[in-house]
Amino acid sequence: MRTGKVFLVGAGPGDPGLLTLRGRDVLACADLVLYDGLANPLLLRLTDCPCERTARTQVGGGRIVLQQEINERLIREARSGKTVVRLKGGDPYVFGRGSEEVAALEAADIPFEVIPGITAATAAGEYAGFSFTHRDIASAVAFVTGHEDPSRDAPRLDYAALASFPGTLVFYMGLGRVQDICTRLIGEGKPEDTSAAVVCQASLPQQQVVTSTLAELPAAVAASDLRPPSLIVVGECVDLRRACSWFEQGPLFGQRIGITRPNHQSDDIAGRIVTLSGQPVMMPLIEIRAIDEEQAATANEVLARLDNYQWLIFTSVNGVVAFFDRLWQTGRDVRRIGHLQIAVIGSATAVALAARGLRAEIVPDLFRAEALAKSLSPHVDGQRVLWARASRGRDVLPLALTAAGATVDEVVVYRNDDVEQFDADIVDLIRSDALDWVGLSSPSIARQFAKLLTVHQISPQLLRTRIGTISPVTSDAAKAAGLSVAVEATTYTWDGIIDAIVGSTTIR
Ligand code: SAH
């Protein structure tokens, strides 16, 4: 058995976009990820392997034992041949015990690599709007722990040296001791009116910044409802902060937005929400699954007689993907449909076809079956039409096209099943009014959302989460299910839903 390898990877401060490219590459080829409580779980989407969170709670004998357990686990898993990623918030070596893990790996002769990350302090500066080393203000910056190992006999921090340090001080892990830190710095001669700040959840949509003076900071902190993790910054650089940083001006700053589409399709939209300073919350309400054996046998038969048809219809991206996957897996390729005219619903569906080098003859402006039926009807009299569809959906299309003289065959190429449960933490978010928005991208998703609210005894009338829908058809379905719709997309895509949400939050 060949020994595997351990990668210590800095996860960055919170914003998932701040992971290094090297970190992304090793996540993609990991067999196991052990991540700490500060690493943003959105990063786990970059791997398909099992991911486990290493608890930092004091249970079971305290942190030192836990750290040892982690070290032993890393060694054991690597010895069994695995590529293990140890994902640590910020930078692995900045107050992160990364060096202890590396020492254990070295002692056990396990190959390893350490990939730096953006440490919380540097991100806090940029995202809160101050430069620690602005050349007119400070020629040094010190990263200091505000939480010394209580097991040590004598504290090692020299507050006299810190008070006279010629630059910016940044305290990690210090919020619980903010009073003590400020008092000791002042006691050692640091002026009471030195500017100071606390930055909480730096680079995350819930980022909070409190600015004050060294003397007043503890009271200012006590008066604010701050959530960890947080840093204390002491120095004139704090004055560089404007009322609102570039990051806090992002149109979705502070907003949690539920993405209800299947998980494997939410990456792009999650990324866009993050770049707008918002927080994507994955809460898929339907799952796309492969068809069963019987349906597959039927689909394969249809693919064997594509010559019989003149038109091919796709009404979703999933339909396009599943159809062409099956075509390929059954030993065929796109040349088999060269003779067919193509009609689609939805610009995203047309884009999925374009990615395969195919142009749709008909893409109606309106994202609904009625519109496609209207555009297509004049062309299909006496023709054979094949519709590559989901396991469920509306019957508008075959009825209308048959009425227009076509012979319509339907081939089910994928299943879309309801997700029967909200995750417990999603229920908590909704119940505590902490989910600001939810996007609904089809009538069945709208109905499923309403159904799950009922299952969890959450009244749609009392729901604080605002609803954005993808189209009028979906809005109608949502309203029929008792939901009220706050915004509706004008282009019928997920990007359109986000545009509509952004539009409404900027007006507010
Ligand atoms: N290795 C990490 C630090 C681990 S120590 C790094 O390089 O950032 C944990 C401390 O880091 C927290 O107590 C807090 O002081 C700080 N911290 C981590 N993430 C933070 C964030 N997003 N905002 C503010 N402080 C953060």
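Val 317 is found in helix α10, in a model that is predicted. The protein chain contains 17 helices and 20 strands, and its domain assignment gives four entries, from domain 1 (5-118) to domain 4 (289-418).

- Leaving aside residues up to four places away in sequence, Val 317 touches Ala 348, Thr 349 and Ala 352.
- Between Val 317 and Leu 353 there are 36 residues in sequence, and their C-alpha atoms are 8.3 Å apart in space.
- Helix α10 covers residues 317-329 and helix α11 covers residues 347-354; their axes come within 8 Å and cross at roughly 25°.
- The two helices α10 and α11 are therefore roughly parallel to each other, because angles under 35 degrees fall in that class.
- On the α10 side, Val 317, Val 320 and Phe 324 take part in the contact, and they meet Ala 348, Thr 349, Ala 352 and Leu 353 in α11.
- Sorted by class, this contact of α10 with α11 has 6 nonpolar residues, 1 polar residue and no charged residues.

**The chain as a whole**

- The domain assignment places domain 1 at 5-118, domain 2 at 122-240, domain 3 at 256-285 + 420-502 and domain 4 at 289-418.
- The centres of domain 2 and domain 3, taken over C-alpha atoms, are separated by 39 Å.
- Along its principal axes, the C-alpha trace of the protein chain spans about 90 × 60 × 45 Å.
- Of the 508 residues in the protein chain, 50% are buried.
- When contacts between residues at least 6 apart in sequence are considered, 70% of them join residues at least 24 apart.

**The pairing of α15 with α16**

- The axes of helix α15 (residues 443-455) and helix α16 (residues 472-480) come within 8 Å, with a crossing angle of roughly 25°.
- That angle makes α15 roughly parallel to α16.
- The crossing in which α15 passes α16 is right-handed.
- In α15, the residues Pro 443, Ala 446 and Arg 447 meet Val 473, Thr 474, Ala 477 and Ala 478 in α16.
- By class, the contact of α15 with α16 has 5 nonpolar, 1 polar and 1 charged residues.
- The buried residues of α16 are Val 473, Thr 474, Ser 475, Ala 477 and Ala 478.
- These buried residues of α16 pack against α15 and also against the strands β18 (437-440), β19 (466-469) and β20 (487-488).
- Gly 482 follows α16 and has a positive phi, near 90°.

**Leu 252, a buried loop residue**

- Leu 252 has its place in the loop between β10 (230-234) and β11 (256-259).
- Leu 252 counts as buried because its relative accessibility is 0%.
- Not counting residues up to four places away in sequence, Leu 252 touches Ile 257, Ile 273, Leu 276, Ser 277, Gly 278, Ile 498, Ile 501, Val 502 and Thr 505.
- One of these residues, Ile 498, is 246 residues from Leu 252 in sequence, and the C-alpha atoms of the two are 9.4 Å apart in space.

**Backbone features in loops**

- The peptide bond from Pro 228 to Pro 229 is cis, with omega near 0°.
- Pro 229 is found in the loop between α7 (217-223) and β10.
- Asp 433 is a residue other than glycine with a positive phi, near 60°.
- The loop that holds Asp 433 runs between α14 (424-431) and β18.
- At 34% relative accessibility, Asp 433 counts as partly exposed.
- Gln 457 is not a glycine, although its phi is positive at about 55°.
- The position of Gln 457 is in the loop between α15 and β19.
- Gln 457 is exposed, with a relative accessible area of 73%.

Key
Residues are numbered from 1 along each chain as its sequence is written. This is a predicted model: local features need pLDDT of at least 70, side-chain atom pairs count only at pLDDT 80 or more; totals for chains, interfaces and linings use all residues. Side-chain values use heavy atoms; hydrogens and water are left out. Domain bounds come from an automatic or database domain assignment. Axes are lines fitted to C-alpha atoms, for helices over the stretch in contact, and angles run from 0 to 180 degrees between N-to-C directions. Helices (H or I, at least four residues) and strands (E, at least two) are DSSP runs, numbered from the N terminus. Angles under 35 degrees count as roughly parallel, over 145 as roughly antiparallel, 65 to 115 as roughly perpendicular and the rest as oblique. A crossing is left-handed if the near helix is turned anticlockwise from the far one by less than a right angle, and right-handed if clockwise. Contact means heavy atoms within 4.5 Å. Ala, Val, Leu, Ile, Met, Phe, Trp, Tyr, Cys and Pro count as nonpolar, Asp, Glu, Lys and Arg as charged, and the others, Gly among them, as polar. Buried means under 20% relative accessible area, exposed over 50%, partly exposed in between (1.4 Å probe, protein chains only).
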